[in-house]
Amino acid sequence: MRNLETSTEKAPKPKKEKEPVVEWLLAAGHRACSGCGEALGAKLVMDAAGPNTYVATATGCLEVFSTPYPESAWRMPWIHSLFENSAAVASGIEASLIAQGRDKDVNIIAQGGDGGTADIGIGCLSGMLERGHNILYVCYDNEAYMNTGVQRSGLTPFDARTSTSPSGKLSWGNKTNKKDLPAIAAAHHIPYVATATVGYPNDLMAKVKKALSIRGPKYIQVHVPCPLGWIHPSDMTIEVAKLAVLTGLIPIYEMENGVVTKVRKIGKNRRPAEEYLKVQGRFRHLFAKGADAEEELEKIRQIAEANIKRFGLV
Amino acid sequence: MRKFIEGSMAVAEAVKLCRPHVISAYPITPQTHIVEHLSQMVADGEVNAQFINVESEFGAASVVLGASAAGGRAFSATTSQGLLLMGEVIFNIAGLRLPVVITVANRSISAPINIWNDHSDAMAIRDAGWIMLFAEDNQEAHDMHLQAYKIGETPEISLPVMINMDGFILTHAFEGVDVISQEEADSFLPPFKPAVHLDVKNPVTMGVLAEPQWYMEARCRMQEALYESRPVIKQAARDFKGKFGRWYGDVIDTYRIDGAETVFVAMGSLIGTLKDAVDDLRGKGEKVGLLKIRCFRPFPGQEIAEALKNTRRVAIMEKAFSLGASGILGDEIKAALYATPYRPEISTFFIGLGGRDIPKSSIVNVYNQVKAKQQNNVFVDLKTELVK
Ligand SMILES: Cc1ncc(C[n+]2csc(CCOP(=O)(O)OP(=O)(O)O)c2C)c(N)n1
Ligand SMILES: [Mg+2]
C-alpha cells in the first residue's frame with residue numbers, strides 16, 4: 001500500500017514479548033467479501049467494546065455474513081431482529097437489563113448499515129437518541145444498500161453510480177448529497193457524536209472506548225469502503241478509506257454535547273477529490289470527456305471545499 | 001377485591017400483577033387507556049417496570065422484543081392501524097419464540113377510517129405464529145393476562161400471546177371486576193425463566209440467517225409448538241379455575257348446547273349478547289345453543305368439530321372477513337368439520353363491522369334466516385339501499 005501521508009498515525013511500538021492469542025469478538029471465518037470495510041469496522045468496534053457488550057444488529061451485509069445458521073461469528077450476546085429496528089431492540093434490551101438489575105458494567109451497542117440507519121431505521125434511531133438510553137449506536141456507512149445489490153441510500157454520495165441511481169444519457173448518478181446524519185443525531189442533544197473510518201483504526205477504537213465511557217446515547221458513523229459496490233480492488237480498502245478523508249469528502253470529527261470538539265486535520269496531506277473518485281468504478285462516468293463531466297467534478301470539489309471550511313480541516 | 005372499573009383498568013391491574021419488567025406502547029384509540037393507566041402506575045411506583053415511550057407502534061413492538069430477548073417479561077398494547085404498523089415485528093417476535101404478551105383492543109381497519117370495534121385487525125395477523133385468545137368480558141380479560149404469560153412462557157411453548165378484547169365495548173365499559181391480589185397472582189404465575197436469552201455470561205446468537213436447508217424446520221417447530229400449546233392453554237384455564245374458581249372455557253366454551261339444533265359460533269364480547277339471545281329463544285322453545293371460540297390460534301378445529309357434531313345448523317357470526325374470499329372463522333370451521341363425518345348445515349354472517357351495534361333483534365333475525373335456509377356470507381343489518 002502506498003503511504004498516503006507524511007505524518008501517519010503513530011505506529012504501535014513493537015512488543016518484545018509474544019502477545020497472547022486474542023479471541024476476536026467478531027471471529028474470523030465469516031462470509032464477508034475480501035476487503036470488506038464493514039467487517040473490519042465491526043471487528044474493531046467489538047474489540048474496543050470488549051466481551052461485556054450486548055449487540056443488536058440490523059438486517060444487512062453484516063448480519064448476513066456473520067450468522068448463517070448453524071454458524072455465528074459473534075462471541076458476545078447478539079441479536080438480529082429486522083432491518084429498521086436495531087435501535088429500538090437495543091432500547092428494549094437496556095430497559096430489560098435495568099429492570100432485572102443486570103445493567104451494571106455492561107455496554108449495549110445497536111448497529112446497522114447506512115440504509116438501516118439513515119433511511120428506514122431513522123425513526124427508531126431518533127426514538128432511542130431522544131429517550132436517553134445508555135446505548136452506543138454504530139452506523140457502518142458503505143454508502144449504499146449493499147446486501148441487496150448496491151442500491152442508493154440517503155448516505156450515498158453525490159453522483160455515485162448505484163443500481164438505482166445509475167448514470168445514463170440523462171443522469172450523472174445519485175442526485176442527492178449525503179444526508180447529514182451526525183448532525184441529525186447531534187440535534188437530539190446527545191453527549192457524544194463522532195465520525196470515524198476504517199482508514200484510521202486506532203482513532204475508531206479510541207472513539208468507541210470514549211463513547212462507551214460516557215453515559216447516555218452515543219452515535220458513531222464509520223466510513224467503510226465496499227470493494228464490490230464501490231468497484232475498487234479489494235486490497236485498496238484502507239487506501240480508499242484514507243483518500244475519502246484526505247480529499248475532505250469524509251470529514252472525521254467528534255461532537256460533544258452538540259459542539260465540534262475535535263477534527264482530524266488533513267493539512268498539507270490534502271488530496272484533490274479526483275484522486276479518491278478515480279480509483280472507484282462508481283465514479284468512473286465522471287471521467288468521461290467533455291465540459292459536462294468537468295462541471296460535475298467541480299460540484300464534488302465544492303462538496304469537499306465546503307467540508308474543509310465547515311470543519312477547518314486544513 | 002371487587003372493583004367497579006373500566007375494562008382498560010382491569011387490564012392494567014392484571015398487567016401490574018404479572019410484574020412486567022418492560023412496558024412499551026404508543027397511543028391509539030381505543031387501546032390508549034390501558035397504557036395510560038399503566039404509565040400512571042409506574043409513575044406512582046406501583047409497578048416496578050421500565051415504561052418506554054416510543055415514536056411508533058413499530059418501535060413499541062421492537063422494544064418489547066428486545067426486552068424479552070434480554071430475559072425480561074414484556075408487555076405492550078395496541079389496536080387496528082397500530083397492530084398493522086407493528087406487523088413486521090409481530091411476525092418476528094413469534095419467529096424468535098419470545099413470550100411477549102400484547103393486548104389488542106380490537107378495532108376496524110382503515111379505509112374508511114373508523115375507530116370502532118370489529119376483528120379485522122387481529123385477523124390480519126392471524127398467520128404470524130402468535131397464540132391468540134379472545135376475551136368475552138372484562139373479568140375474563142383481567143384473568144386472561146395471568147394465564148397468557150403462564151402459557152407463553154412455558155419453556156416448550158415459548159411463544160407470544162395476543163389477548164384480544166373488543167375495543168370500546170370492553171375497553172371502555174365499566175363493570176364489576178374481581179381484581180386478583182398480588183399474593184394470589186404470584187402463586188399462580190411464577191417469575192419468567194427464559195429458555196434462551198441474551199446474557200454476557202453465556203453469549204448466544206439470536207435471529208440468525210436460515211438458509212433453505214434450515215428454514216422449513218424452524219417454521220415446522222413453530223407449528224408444532226402452537227399445536228402443543230393447546231393442552232397448555234387448557235391446563236392454564238383449569239389451574240386458574242382451581243385457584244380462583246372462575247371458568248370461561250379453555251380453547252372453546254359451550255352454552256346450552258345440549259339438544260341444540262342450531263348453534264351460534266362467535267368470539268369476543270358478542271358472546272354475551274348471544275347468551276342473552278339464546279336464553280330468550282330457548283324461553284320460546286327454540287332449540288339453540290352457543291359455541292364460544294376462546295382460542296383462535298392455535299385453531300381448535302377438533303374441539304369445535306366435537307362440539308358441533310350433534311347439531312343440525314351452525315350460524316357463524318364473524319366480525320371480520322377475508323376480502324375477496326369469505327369468512328375466516330367460517331372457512332376454518334368448515335375445514336375442521338371436513339376431517340370428520342359431521343356435516344351440519346353451515347351459514348356464515350358478517351356482523352358488527354366498524355362498530356355497528358348488534359342488538360338482540362339482529363340475532364333473532366339471523367336465527368330466523370338460518371332456520372329458513374342455509375346462508376352464505378350475509379352482511380347483517382346491511383343498508384342495502386346504500387350498496388345497490
Ligand atoms: C423492511 C425491509 N425492507 C427491505 C429489506 C431488504 N433489505 C435487506 S438488507 C437491505 C440493505 C441494507 O443496506 P444497509 O443498511 O446500508 O446495510 P449494508 O448491507 O450496506 O451493510 C435491504 C434493502 C428488508 N430486509 N426489510
Ligand atoms: Mg450500506
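Here are a few friendly notes on this predicted model, covering confidence, the ligand site and some salt bridges.

1. Confidence. The model comes with an ipTM of 0.97 and a pTM of 0.96. In chain B the mean pLDDT is 98, and 100% of the residues score at least 70. Within that chain, helix 3 (residues 57-69) has the highest confidence, at 99, while helix 13 (residues 384-387) has the lowest, at a mean of 96.

2. Where the ligand sits. Ligand 1 is placed between chains A and B. It has 18 residues around it, and those that come nearest are Glu38(A), Cys61(A), Gly115(A), Gly116(A) and Met146(A). Helix 4 of chain A (residues 114-119) gives the largest share of this shell, with three residues. By type, the shell holds eight polar, six nonpolar and four charged residues.

3. Please look at the oxygen atoms of ligand 1. A backbone N or O atom of Gly116(A) is 2.7 Å from one such oxygen. Met146(A) also uses a backbone N or O atom, at 2.9 Å from a ligand oxygen. Ligand 1 on its own would expose 590 Å², and the protein buries 78% of that.

4. A salt bridge in chain A. Over all chains the count of salt bridges is 42. One of them pairs Lys210(A) with Glu254(A), with 3.3 Å between the closest N and O atoms. Lys210(A) belongs to helix 7 (residues 201-213) and Glu254(A) to strand 9 (residues 253-256), so the partners are 44 residues apart. Glu254(A) is buried because its relative accessibility is 4%, under the 20% limit. Lys210(A), at 28%, is partly exposed.

5. Arg246(B) and Asp178(B). These side chains form a salt bridge with an N to O distance of 3.7 Å. Arg246(B) is in the loop between helix 8 (212-244) and strand 10 (252-255) of chain B, and Asp178(B) is in strand 8 (residues 174-178), so the pair ties together parts 68 residues apart in sequence. Arg246(B) is buried at 17% relative accessible area, whereas Asp178(B) is partly exposed at 27%.

6. Glu332(B) and Arg297(B). Here the closest N and O atoms of the salt bridge are 2.7 Å apart. The bridge links helix 11 (residues 328-338), which holds Glu332(B), to strand 13 (residues 295-297), which holds Arg297(B), across 35 residues. Glu332(B) is buried, at 18%, and Arg297(B) is buried too, at 13%.

Key. Residues are numbered from 1 along each chain as its sequence is written. Chains are lettered from A and ligands numbered from 1 in the order in which they are written. This is a predicted model: local features need pLDDT of at least 70, side-chain atom pairs count only at pLDDT 80 or more; totals for chains, interfaces and linings use all residues. Side-chain values use heavy atoms; hydrogens and water are left out. A residue is near a molecule or strand if one of its heavy atoms lies within 4 Å of it. A polar contact is a pair of N or O atoms within 3.5 Å; within protein, one must be able to donate a hydrogen and the other to accept it, and residues adjacent in sequence count only if both atoms are side-chain atoms. Accessible areas come from the Shrake-Rupley method with a 1.4 Å probe; for residues, only the protein chains shown count as cover. Helices (H or I, at least four residues) and strands (E, at least two) are DSSP runs, numbered from the N terminus. Ala, Val, Leu, Ile, Met, Phe, Trp, Tyr, Cys and Pro count as nonpolar, Asp, Glu, Lys and Arg as charged, and the others, Gly among them, as polar. pLDDT is the predictor's confidence in each residue, from 0 to 100. A salt bridge is a side-chain nitrogen of Lys or Arg within 4 Å of a carboxyl oxygen of Asp or Glu. Buried means under 20% relative accessible area, exposed over 50%, partly exposed in between (1.4 Å probe, protein chains only).
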